[in-house]
Every structure is written in structure tokens, then in C-alpha cells.
Amino acid sequence: MTGRAAMRRGVILATAALLASCGKPATAPKEAPAAPPQVRVTPVGGDVQAAEVTGVGTVALRREASLGFTSAGRILRMTVNEGDRVHRGQLLAALDTTTVAADLARARAERARAAAEYKRSETLMAQGWITRPRLENAKAALESADAQVRAAGFQTANATIVAPGSGTVLARLTEPGQVVAAGTPVLIVGEEASGYVLRVPLSDRDAARLTAGTPATVTLAALGDAPMAGRVVEIGGRADRATGTFAVEIGLPDDKRLRSGQIGNARITAGGVGQSVLRVPANAVFAVRAGEGFVYVVDRGRKTVALRRVGVAEATDSGVRVTNGLTRGELVATSRVDRLKDGMKIDPIGASR
């Protein structure tokens with residue numbers, strides 16, 4: 001073999017070896033498995049709801065009457081202002097009686113005419129000059145005139161408003177010279193005989209724990225925060241449409257310093273012992289809607305999380321109250337909840353291991 005042939009053969013062999021080595025796949029280094037994410041966990045806690053209901057309310061007279069005229073007219077005078085104390089029978093307001101007095105005079109004149117006509121008809125009937133139906137018509141006219149006099153007299157007598165009992169003027173709704181329709185409220189008067197109450201708006205859950213006669217302690221800043229003993233005298237039969245709360249009235253002792261509108265704090269003894277409730281941190285609950293939400297429950301042994309639907313109620317500084325779906329002592333995830341998935345492996349931290 002010549003030198004040139006030997007060189008060509010060597011080049012061919014080297015090229016073949018290089019191509020053979022390029023055809024073999026390179027061995028990639030193995031990557032270490034990703035460590036499970038660290039997730040803070042917290043046990044489901046609980047507390048005992050105190051056997052006591054608290055609330056803030058306003059003082060008011062238990063019975064408040066809206067007073068108005070029974071007929072339409074122009075108000076001639078108002079004799080009281082808001083805050084005035086009144087006594088039974090005291091004149092509070094009066095209408096201009098020019099019109100009603102004229103109506104009464106007209107009704108009396110018509111009655112006099114009808115009475116004279118009836119008397120004359122009786123005489124003529126006795127003499128045989130008229131028939132009985134004519135006498136009966138005269139009698140009916142007299143009875144109708146009597147009714148007109150009574151109606152006009154009623155309107156005249158009720159052209160004034162007098163106090164139905166001792167009390168306080170809570171609101172003056174009209175002014176002299178104003179024309180009002182029949183039945184329009186003119187004054188609101190609170191009856192002192194009914195006594196003062198503290199009206200406290202409470203949630204349905206708190207109101208359901210109370211009964212009439214339940215003892216309460218009331219403090220009023222206007223009276224120096226001295227405790228006053230009271231009792232629940234009435235619980236609203238329906239919730240307020242605007243606030244969803246129930247009005248609870250607490251009877252207050254007789255005290256001349258009480259005034260409508262004063263602010264008071266009430267502590268009401270609820271029936272039975274305290275109720276045990278479960279709570280979880282607010283950051284453990286997500287996708288809350290219509291009283292339900294979701295949490296991730298942690299299995300400490302398997303180091304996994306499980307998605308669970310739970311019932312939730314109000315949130316406070318101590319956490320979210322859980323109504324169902326969890327038991328005391330279970331662990332829930334409180335971090336990375338937006339990155340977790342059902343069955344995911346985790347490294348739980350934050351609770352005793």
C-alpha cells in the first residue's frame with residue numbers, strides 16, 4: 001500500500017469513529033426531586049361563647065302616641081314644643097274652627113226646620129189631612145238632621161288635641177298656619193306612665209338566646225355609668241328589613257333623670273351555659289360564598305393536604321367561626337393556600353411536629 005493510500009484509509013477510519021461517537025445519546029445528569037413546599041399549619045381552635053349578650057341602644061318611653069286631628073283644617077295654634085312635659089287634658093294644638101263652626105250652625109238650623117216640619121205633620125196626620133207615608137218622610141228627615149248635628153258637633157269638639165296622659169312631647173311635626181289632612185300626625189307624645197326602656201338592636205343569633213324577663217344590667221354615660229338593673233320586657237317579632245336586627249326592649253327603673261334618646265350599654269344574661277364554638281384563622285379560609293368556604297386540612301402523618309368544604313359564619317379578631325366541616329384539633333393550612341392542591345405533599349411547619 002502506498003503512503004497516499006494509507007493516509008486516505010486513516011482519514012476514513014477517523015471519520016467513521018467520529019460519526020459513531022456522535023450517534024450515541026449523551027447521558028444527562030439526574031436532577032434531585034423538588035422538596036415539598038413548607039406550609040404553615042394551625043390547629044382548629046375553639047372557645048366558649050359567654051352566656052351573656054351585650055349591645056348598645058337608646059332610651060325611649062315604651063308607649064309613644066302619634067296625635068292628629070280627625071278632620072282637615074288649618075292649624076290655628078300649637079301650645080307645646082319638643083321636650084315639654086304635659087299633663088292629662090292639657091291643650092296641645094287647635095284648628096281654625098271657622099269652617100266647622102259654620103257647619104255646626106247649618107246642621108242645627110236644618111234640624112230645627114226638620115223638627116218643626118215633623119211636629120206639623122203629626123198634627124195634620126191626627127186631623128186626617130195627610131197620609132202616613134208623608135209623616136214617615138218627615139220623621140226620616142228629622143233623624144237625618146240629628147245625625148248631621150252630631151257629626152258637625154264631633155268635628156267641632158275634635159278641632160283640638162289634648163294630652164291623653166302625663167308625658168313628654170317627643171316631636172312637633174307641624175306649625176301654625178299649616179293645612180293638614182284628617183289623621184295627619186301633628187305631635188308625638190310619650191306616656192310617662194308606660195315607663196322608660198332601652199331599645200337595643202341585636203342579631204338573630206343573640207335575640208334567640210333571650211326570653212322575656214331575662215335580667216340585664218344597663219349603664220348610661222349621661223347618668224355617670226352607674227349600673228341600673230333591668231329586665232327584658234319585649235323581643236321584636238320580626239327583624240328590621242334594613243338592618244336585619246331584632247329590637248329588644250329592656251325595662252328601666254323609675255329615674256327622673258331619664259330622657260328619650262340617651263345612649264346606654266346593656267349586658268343581658270343569656271339562658272343556659274356558654275356555647276362552644278370553633279374558629280380558624282381568617283387566612284385559612286378561601287372562596288367564601290353564601291355561608292360556605294374551603295380550607296386545606298393537613299394530614300400530619302402523610303404530610304399531605306386535603307381540600308374540604310366548611311360552613312362559616314361571622315369573622316372577628318379571633319378568627320372565622322366554623323359551623324360545620326371541622327373538628328377541634330384538626331390541622332389547617334394557613335399559608336400558600338392559593339398554591340396548594342388536593343392531595344399535595346407539603347412540609348408542615350408552625351405546629352408541634
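**Two helices**

I began with α3, where what covers the buried residues includes α2. Some ground rules: this is a predicted model, where local features need pLDDT of at least 70 and side-chain atom pairs count only at pLDDT 80 or more, while totals for chains, interfaces and linings use all residues. Residues are numbered from 1 along each chain as its sequence is written, and side-chain values use heavy atoms, with hydrogens and water left out.

Helices here are DSSP runs of H or I with at least four residues, and strands are runs of E with at least two, numbered from the N terminus. I take buried as under 20% relative accessible area, exposed as over 50% and partly exposed as in between, with a 1.4 Å probe and protein chains only.

In α3 I found Leu-135, Ala-138, Leu-142, Ala-145, Val-149 and Ala-152 buried. In α2 the buried ones are Val-100, Leu-104, Ala-107, Ala-114, Tyr-118 and Ser-121, and they pack against α3, residues 132–157.

The expected span is 1.5 Å times one less than the number of residues. For α2 (residues 98–127), 30 residues should give 44 Å, and the end C-alpha atoms are 44 Å apart, which agrees. For α3, 26 residues should give 38 Å, and the ends agree at 38 Å. After α2 comes Gly-128, with a positive phi near 85 degrees.

**A sheet**

Next I looked up an open sheet of 4 strands, ordered β4-β11-β9-β6 with antiparallel pairing. β4 (64–68) and β6 (85–86) stand at the edges with a single partner strand each, so one side of each has no neighbour in the sheet. Two strands count as paired if DSSP finds at least two bridges between them. β4 and β11 (residues 185–191) run antiparallel and are joined by 5 bridges. Gly-68 sits opposite Pro-185 in β11.

**The largest pocket**

What lines the largest pocket? I listed Arg-85, Glu-192, Gly-195, Tyr-196, Leu-252, Pro-253, Asp-254, Asp-255, Lys-256, Leu-258 and Arg-259. By class, the lining has 4 nonpolar, 1 polar and 6 charged residues.

**Whole protein**

I noted 4 helices and 23 strands. Buried residues make up 33% of the 353 residues. With contact meaning heavy atoms within 4.5 Å, I looked at contacts between residues at least 6 apart in sequence, and 72% of them join residues at least 24 apart.

Notes
1 Å grid on protein atoms, 1.4 Å probe; cavity = no way out; pocket = protein on both sides within 12 Å on 5 of 7 lines; lining within 4 Å. Nonpolar A, V, L, I, M, F, W, Y, C, P; charged D, E, K, R; others polar.
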